[in-house]
Amino acid sequence: MIGTRRSPRQLLEGEGTIEAVGHLARDLGHRALLVSDPIIAEQPGFATIVAALEASGLEVERFVDAVSDVPLEVVDRCLARAREVDPELIVAVGGGTVIDLAKVVAVLVTHGGDPRDYYGENLVPGPVLPLIAIPTTAGTGSEVTTVSVLSDPDRELKVGVSSVHMVPAFAICDPELTYSCPPSVTAFAGIDAVCHAVEAYTATTRDVGWREAVEGVLIGKNDLADQHALRAMAALGPNLARAVEDGGDREARAAVMRGATDAGVAFGHAGTAAPHALQYPIGAGTKTPHGLGVGLFLPYVLTANRPIIDEQLAELAACLDLAGSDPAEAFVEWVVELDARIGVPASLQEIGVARDELRHYAELASTVTRLLQNDPGDTSVEGLERVLHAAWEGDRELLR
Ligand SMILES: NC(=O)c1ccc[n+]([C@@H]2O[C@H](COP(=O)([O-])OP(=O)(O)OC[C@H]3O[C@@H](n4cnc5c(N)ncnc54)[C@H](O)[C@@H]3O)[C@@H](O)[C@H]2O)c1
Ligand SMILES: [Fe+2]
């Protein structure tokens, strides 16, 4: 079995690590474009980052108008700002939205062209402007992955640009930045991380050679990714609900951030699977957050994929010390209870999906072959429609 790992040159984690940003940035250049969004730009941590950069002698220019889910017109505006500033590095301070925006702008400012030229895997011809990724949510793992997810108004699904050249140069994961996340942001980002770990760990093992590991981006389940997925589950499992219920619980906040980054390393190599493929059209159609959709689908897909993945589910259950005669089922039930506790809806009806739209959503999701090839279950249009139907009814029993 082949394994591979691509990661930032240096990843710092822990409280107070944002103070290091000036020191790291100095290695990359003198003129920085700081990318963020209007909410984060008002937080005290943002001012600390600007001060640390300036204290290290950096010239700091800003683009703080990121918009959730990275619409293409915002990519254009951020790119125009980057061309004006001509930075030597980009510093992204924000959730997945901000980091993904900065990643694609780093590609465009270096290699030119249009985002559409890079949709898909490994179409970026070489290294890009270096990026320091500083997450303010604990969830997407974008600070360690090759991926940027964009919203193109001409497409019904979100699109991904993915290249080994897009891994940030440095990542600073300081849990203090997440203290200001409201409960819903903590919940949806955190459940996204749970899905990353579980989907990577239950993915199919593919017979890839070194060429695919070098030229491709996602290679299916492998030992290296598995270690990160298990560490992620052990950190997220006991702590996510705690962090949602008490945003001031520093221990829980730190564990969830560590778990999210580990889950990012896991899925950044193994890949995600059907819950993510199904979220793409549902998220676009219902305008609901990414984490809400993947979290909603996870228990249904796991139920549909039993018993093929029972062994992996039992290993995940062991990570959480879940006992019982059917540990695989105990794990799925744990996900159902976590969803309920942190406010992830249990059915598609609750988020306004109509029964007669399910076939169309199944057809759209079936085109996300990059992710579906990782799923061990039935990913035909009929198989996906069956999962959508059970998720619409809110009834896992329909999948047995
Ligand atoms: N690149 C990847 O590997 C990857 C993986 C998964 C998801 N994604 C993408 O990431 C995006 C979702 O990212 P996200 O879940 O981090 O949410 P987000 O970045 O869209 O942020 C959600 C909301 O929370 C606010 N927010 C962020 N940090 C805050 C803080 N510390 N305090 C207060 N408010 C804060 C933001 O301003 C925004 O309003 C989606 O576009 C998704 O497709 C990317
Ligand atoms: Fe995700």
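Here are legends for a handful of close-up views of this predicted model. Residues are numbered from 1 along each chain as its sequence is written, while chains are lettered from A and ligands numbered from 1 in the order in which they are written. Because the model is predicted, local features need a pLDDT of at least 70 and side-chain atom pairs count only at pLDDT 80 or more, though totals for chains, interfaces and linings use all residues.

**View 1. The shell around ligand 1.** Ligand 1 has 34 residues around it, and Gly 95, Gly 96, Thr 97, Thr 137 and Ser 142 come nearest (a residue is near a molecule if its C-beta atom, placed from the backbone, lies within 6 Å of it). Two or more residues each come from α4 (96–111), β7 (147–150), α5 and α11; helices (H or I, at least four residues) and strands (E, at least two) are DSSP runs, numbered from the N terminus. Sorted by class, the shell holds eleven nonpolar, 18 polar and five charged residues. Here Ala, Val, Leu, Ile, Met, Phe, Trp, Tyr, Cys and Pro count as nonpolar, Asp, Glu, Lys and Arg as charged, and the others, Gly among them, as polar.

**View 2. Helix α5 meets helix α9.** Look for α5 (residues 183–201) and α9 (residues 250–270), which pack at an angle of about 40° with their axes 8 Å apart. Axes are lines fitted to C-alpha atoms, for helices over the stretch in contact, and angles run from 0 to 180 degrees between N-to-C directions. On the α5 side, the contact includes Gly 190, Ala 193 and His 196, and on the α9 side Val 256, Gly 259 and Ala 260 are among the partners (in contact means C-beta atoms, placed from the backbone, within 7 Å). By class, this contact splits into nine nonpolar residues, four polar and one charged.

**View 3. Helix α5 meets helix α7.** What angle do α5 and α7 make? They pack at about 145°, and their axes are 9 Å apart; α7 spans residues 223–236. From α5, Gly 190, Ala 193, Val 194, Ala 197, Ala 200 and Tyr 201 take part, facing Ala 225, Asp 226, Ala 229, Ala 232, Met 233 and Leu 236 of α7. This contact has ten nonpolar residues, one polar and one charged.

View 4. You'll find Ala 32 in strand β2 (residues 31–35). Ala 32 counts as buried because it has 26 C-beta neighbours inside 10 Å (buried means 20 or more other C-beta atoms within 10 Å of its own, exposed 12 or fewer, and partly exposed in between, with C-beta atoms placed from the backbone). Leaving aside neighbours within four places in sequence, its contacts include Ala 25, Leu 53 and Val 91. Its C-alpha atom is 19 Å from that of Thr 97, 65 residues away along the chain.

View 5. Most residues other than glycine have a negative phi, and most peptide bonds are trans. Val 70, though, has a positive phi near 55°, and sits in the loop between β3 (59–63) and α3 (72–85). Asp 321 also has a positive phi, near 60°, in the loop between α12 and α13 (327–342). Are these two spots buried or exposed? Val 70 is buried, with 27 C-beta neighbours inside 10 Å, whereas Asp 321 is exposed, with 9. Finally, the peptide bond from Arg 306 to Pro 307 is cis, with omega near 0°, and Pro 307 belongs to the loop between α11 (290–305) and α12 (310–319).

Technical notes
Contact = placed C-beta atoms within 7 Å.
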